[in-house]
Amino acid sequence: AVDFWDENQDIVVENRIKYADCRPVSLRRYFTLFDYTPSLFPEILAKKLASEIDGPTIVDPFAGYGNRMLGSCAANKKYVGYDINKLSVNANNLMAHDLGLDAKVVYGDSSKVYDEFVYDGLITCPPYLNKDDYGVVSDTDYYDMINQTFSKFKFTEFGFVVIKPSL
């Protein structure tokens, strides 16, 4: 993933421009109410991975700041995300609405939801221990939470997950 990003940074700008002049600075306007933390999972990587999935729907249990939403929609996929940060959920939904994306982000703890829908693929980047309150206190709890979350979602093709290399 890192090699792909290093070789394709210029494409990220192209991908963002595809959505009605959404350059990086203009995307940040959706997140001005709280700290914006750039994702380790750029839109171009999400687009590439979503393009590998034949079906039309992508689920993201940890939606974050919308990078995977933008990439998935750029690959002509319907995107459904979940997040426990209400401000992030609102900002993502406003961005999806303003850009006319086939996407929604649901407020809630994805490790506790029951979603009966069968998605075609899962693309996500789990939160880090110090970012949000998922009740995680150790590395073991962290991986248990991630496994519990993934078991809540059904998908038919692929799951792509980027996990921070060291906790």
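## An aromatic pair

Tyr-82 and Phe-153 are both buried in this predicted model. A search through the whole structure turns up 2 aromatic pairs, and Tyr-82 and Phe-153 make up one of them, with a tilted arrangement. How do you describe such a pair? You give the distance of the ring centres and the angle of the planes. For Tyr-82 and Phe-153, that's 5.3 Å centre to centre and 55° between the planes.

Now look at where the two partners come from. Tyr-82 belongs to strand S2 (residues 78-83), while Phe-153 is in the loop between helix H7 (139-151) and strand S5 (154-161). They're 71 residues apart, so the pair links distant parts of the chain.

## A lysine over a ring

Here's another ring to find: Tyr-107. Lys-86 lies over its face, 4.8 Å from the ring centre.

What does Gly-66 touch, if you skip its neighbours within four places in sequence? Asn-92 and Met-95 are in contact with it. Phe-41 sits 25 residues from Gly-66 in sequence, and their C-alpha atoms are 9.9 Å apart in space.

## Helix H5

Just after H5, Asn-76 has a positive phi of about 60°.

Methods
Residues numbered from 1 in each chain as written. Predicted model: local features only at pLDDT ≥ 70, side-chain atom pairs only at ≥ 80, totals over all residues. Heavy atoms only, no water. Contact = heavy atoms within 4.5 Å. Phe/Tyr/Trp six-rings, centres within 6.5 Å; stacked < 30°, edge-to-face > 60°. Helix = DSSP H or I, 4+ residues; strand = E, 2+ residues; numbered from the N terminus. Buried < 20%, exposed > 50% of the residue type's maximum accessible area, 1.4 Å probe, protein only. Lys NZ or Arg CZ within 6 Å of the ring centre and 35° of its normal.
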